[in-house]
Amino acid sequence: MKDADILKVRDLQVHYLTPAGTLKAVDKVTFGLKAGERFGLVGESGSGKSTLAFAMMRLTKPPAQIAGGEILLDGVDLLKLSEEEMRGRRLAQIALVPQGAMDSLNPVMRIKDQIRDGIVDHLKGIRGHNLETRVHALLERVGLQKEVAGMYPHELSGGMKQRVCLAVAISLNPKIIIADEPTSALDVVVQRQIMLELGEMQKSMGLAILLVGHDMGLMAQFVDRIGVMYAGKLIEIGAVDKVFKNPLHPYTQLLIACPPTLEKKGEFRGIPGLPPLLVDPPAGCRFHPRCPQCTANCSLEVPELNEIEPDRWVACNAVGR
């Protein structure tokens, strides 16, 4: 990837140790994130997207383990930092907006205390009125009234809780925000509002955003570049307009064709078959048992992620040959 990348993930591997064997949830994934960029990571449930996001935050817990690779933030490998050093970088340099806002907020703490927690941990000298002013400013920045500070999570709507998570994420002006399906539990109107808020914050603060999800329509409207994951591997990367106009990997083609259209009412198209069991994945290309363009070579040779044109990458034995 290019030198302008603020974050570089190289050959990252995350395994789950199960009674049935080692499950390779993230298998040698490599990509870069540029400063101020919006990068989307998309794929079916179980493709490894959220596991990858948590690994980047060093939040992986047993039975999962990071088995290899590098996560370079401004040239520093996060995997080589002590836990105390990594705590200093979470929220200050790289922050997470979780998928389930209610699950990430403490039900017995007021909103102001949950926002204060990370700020006080990093900025030991901030107290009293300055801290209260900062909390109110963060709430207003994400479209909430300052009175929300004194409320508990159960008193807020789903959209309000998600905005609180956004306020926590930007509280120390990080360089990168990882948003793990931030609108999955919200109705479409609130989804749009949340994504507009996230987009405005990204522009005004100069953030880089890694958006994790499975909604191809949302990705098409929000991100600059997109990476497609399948069965723990990254199989296509490119500018979002180029990928949607000319998807190269057969899996990407099928993903884009899945959403229903107004032109063909009542017609729904899915991807035949099921994702493989990652304890014992198929030989060769992991998608070949479901691929309509499969050849004999696909079951034998594991495709590498190759750059076939500037900043356009694909892992398919049938592309670029």
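Axes here are lines fitted to C-alpha atoms, for helices over the stretch in contact, and angles run from 0 to 180 degrees between N-to-C directions. This is a predicted model, in which local features need pLDDT of at least 70 and side-chain atom pairs count only at pLDDT 80 or more, while totals for chains, interfaces and linings use all residues. Residues are numbered from 1 along each chain as its sequence is written, and side-chain values use heavy atoms, with hydrogens and water left out.

**View 1. Helices H4 and H5 pack against each other.** Helices (H or I, at least four residues) and strands (E, at least two) are DSSP runs, numbered from the N terminus. Helix H4 covers residues 111–122 and helix H5 covers residues 128–141; they pack at an angle of about 110°, with their axes 10 Å apart. H4 and H5 are therefore roughly perpendicular to each other, a label for angles of 65 to 115 degrees (under 35 is roughly parallel, over 145 roughly antiparallel, the rest oblique). Look for Ile111, Lys112, Ile115, Arg116, Ile119 and Val120 in H4, which meet Leu131, Arg134, Val135, Leu138 and Leu139 in H5; contact means heavy atoms within 4.5 Å.

**View 2. An open sheet has 8 strands.** Follow the order E6-E7-E8-E3-E9-E10-E12-E11, in which the pairing is mixed; two strands pair if DSSP finds at least two bridges between them. At the edges are strand E6 (94–97) and strand E11 (306–309), each pairing on one side only. On average, neighbouring strands of this sheet are turned by 25° against each other, direction ignored. Helix H6 (residues 158–169) packs on the sheet and touches E6 and strand E7 (176–180), and the direction of H6 makes about 175° with that of E6.

**View 3. Strand E12 pairs with E10 and with E11.** Strand E10 (residues 233–239) and strand E12 (residues 312–314) pair in the antiparallel sense over 2 bridges, and here Glu236 stands opposite Val314. E11 and E12 also pair in the antiparallel sense, over 3 bridges, with Glu309 opposite Arg312. The hairpin of E11 and E12 has 2 residues between the strands, and Asp311 takes a positive phi near 60° there.

**View 4. Tyr251 sits in the largest nonpolar core.** A nonpolar core is a set of buried Ala, Val, Leu, Ile, Met, Phe, Trp, Tyr and Cys residues joined through side-chain atoms within 4.5 Å. Buried means under 20% relative accessible area, exposed over 50%, and partly exposed in between (1.4 Å probe, protein chains only). The largest core has 56 residues, and Tyr251 and Phe287 are among those with the most contacts inside it. Leaving aside residues up to four places away in sequence, Tyr251 touches Gly43, Glu44, Val228, Met229, Tyr230, Ile235, Ile271 and Phe287. A second, separate core of 32 residues includes Val29, Ile176, Ile178 and Leu234.

View 5. In H10 (residues 250–257), Pro250, Tyr251, Thr252, Leu254 and Leu255 are buried.

**View 6. Helix H1 is largely enclosed by the rest of the structure.** Of the 8 residues of H1 (residues 49–56), 6 are buried: Lys49, Thr51, Leu52, Ala53, Ala55 and Met56. Arg58, with a positive phi near 55°, follows the helix.
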